[in-house]
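Work through the exercises below with the structure in view. Try each task before reading its solution.

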Amino acid sequence: MNGLSSLPNSIALPRVAVVGRPNVGKSTLFNRLVGARRAITDPTPGVTRDPVEGECRIAGRRVRLIDTGGYRLDTDGIDTLVSGRSLEVIEQADVGLLMLDVSEVQPEDEDLIALVRAKASRSILVVNKVDNDRRDLDAWNLHTYGFRRVVHVSAEHRRNFAELVRHIAEELAAAPVTGRSVTSEDPGIRLALLGKPNTGKSTLLNALLDEQRAIVSPIPGTTRDVIEGRFLYAGRTISILDTAGIRRKRAVTQTVEYYSVNRAIGSIERADVVLLVVDSTEGITEQDKKIVTQVIKRGKGIVLVFNKWDLMEETPNAFNAVCDRAHFVFPVLSYAPIIAVSAIHKTGLKRVLDTCLRIRRQLDTTIATGPLNRAVRGWTEQHPVPHGGGPRYAVRYITQISSNPVRFLLFVNRSKGFPESWLSYLRNKMRREFGIPDIPFAVELRES
C-alpha cells in the first residue's frame, strides 16, 4: 500500500510488558499503572487474550505498558496462540515484568521463569497479592529464583507501587529503546473497527498496522479487550481501535463478553470515524443496524467496509448490487461511503484510509452564519415548508453550534409536527452546498 509506513523509531516510546500465567493479577497491575480500567479484570482464567497497550509515566518518562494474555502449558487452540503472542511481546519489550502469585508457584510459573530469562534482556520479578507482612515473609522464598530485582506488591491495593516504579525506571534508564509504538501529543485521527464476530476486524487491524498485533482465529469472540495501534499515513498519525464482535444482547451470556461488548460500544465515543466491518459473504444484518444507530446518535463518521471480498463470486455489477442493498437496508446511511476490501490480501486499504481522512476533514467543518442563512433562505423560497392546510411553518434562523460532531440549531416559529421530509431536503442541500456529503450531522429545532 503506497503511503503506509510504521512510525519511525526516533519517536518511539520504551515498552514495558507484563507477563505471567492466568489470574496472577496482570490486568489489575496494568490498570493501576495506566490509571484507567483499560484491561478487563475477572476471576475467570484467561480473560485477557490479545496484548493490551496503554501509556503511563514512569519517573516522568512516557512509557508504553503492555498487558499480555496468561501463559499456559500443554495448550491447544486459542490458548496456544495467546501463550505464543505473550512470549513474542516479552522478547520485544525493553523491560519485562514477570508476575507470580505469592500463594503458589505452578509449573507454568517455572516454565515461564526460564523463558523470560532467555527472552527478556531486562526483567523484574513482581510477586503479587502480598497484602500484609505475613505474606511478605512468604514472598522472600521466591527470591531463590535468582532475579536481580524482586518487588513484593499488592496490585489490588497499590502496595509497594513506589518501589516497583523505581525499579522500572532504573531498568529503563539503562535500556536502549526498541519499541515502535508511540502516543502523539496530537491525537490525529481515531478510527474504531466495529461489527459482528468473525467479520475480520482483527485481520484488518493487523493489515493496517503491518504487524501481528491482534490474535486472529476462526473462533468467534477471540478479541475481548479493545486493542489499540498507531501508524503514520499521508503525514497523519492514525490511531485505530479493534473491538470485540458485538452480538445480540440476548446472545451475550458471559460476564466477560458483557464487558467486552460494552467497551466496544464505548470505543465509538473515542473515535472520529467508525469502520463497520461486514462479512461480504453474509451481508448486512440486524445487529449491524443497531451498531449504526449508536454511531449516528453520537455524530461520528462511518464507513461500511465489506471485508472478504476475495471470497465473492466475480459477477458483473456485484459491488453496485451490494451498495444498492446496503442503501435499501440502511436508508439513513445513504451518505456513508461503502468500500470492498480483502484484509487478508491487503486490498482496498488505501481507499479506506483516504476516505477516513476525507471524512475527518468534513467533521471539522465550520460554516459561517451569514452564508448559511442566505443559503437556507434561498432553499426555503424554492421549496417552502409544507403545512398540510394547518398553520404555516416559518424558518427564522440557523446557526452551527459544534463541529466533530457537526450540529446545527434551526429556529422556527413552531417545532411540533415540523415535517421531517423538509428537514431531509434541507440536509441534502447542505451536504451538496457546504462540502459535507459523507458525514452525519444533526439539525435541532428550537422555537423562536
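This is a predicted model: local features need pLDDT of at least 70, side-chain atom pairs count only at pLDDT 80 or more; totals for chains, interfaces and linings use all residues.

Residues are numbered from 1 along each chain as its sequence is written, and side-chain values use heavy atoms, with hydrogens and water left out.

**Exercise 1.** Classify the angle between helix α1 and helix α5.

Solution. 
1. Helix α1 covers residues 26-34 and helix α5 residues 161-173; their axes are 12 Å apart, at an angle of about 85°.
2. Axes are lines fitted to C-alpha atoms, for helices over the stretch in contact, and angles run from 0 to 180 degrees between N-to-C directions.
3. Angles of 65 to 115 degrees count as roughly perpendicular, under 35 as roughly parallel, over 145 as roughly antiparallel and the rest as oblique.
4. Therefore α1 and α5 are roughly perpendicular to each other.

**Exercise 2.** Classify the ring pair of phenylalanine 408 and phenylalanine 441.

Solution. 
1. The whole structure holds seven aromatic pairs.
2. Rings of Phe, Tyr and Trp (its six-membered ring) pair if their centres lie within 6.5 Å; planes under 30 degrees apart are stacked, over 60 edge-to-face and the rest tilted.
3. For phenylalanine 408 and phenylalanine 441 the centres are 5.7 Å apart and the planes at 80°, so the pair is edge-to-face.

**Exercise 3.** Is phenylalanine 408 buried or exposed?

Solution. 
1. Buried means under 20% relative accessible area, exposed over 50%, partly exposed in between (1.4 Å probe, protein chains only).
2. Phenylalanine 408 has 0% relative accessibility, so this residue counts as buried.

How values were computed: Helices (H or I, at least four residues) and strands (E, at least two) are DSSP runs, numbered from the N terminus.
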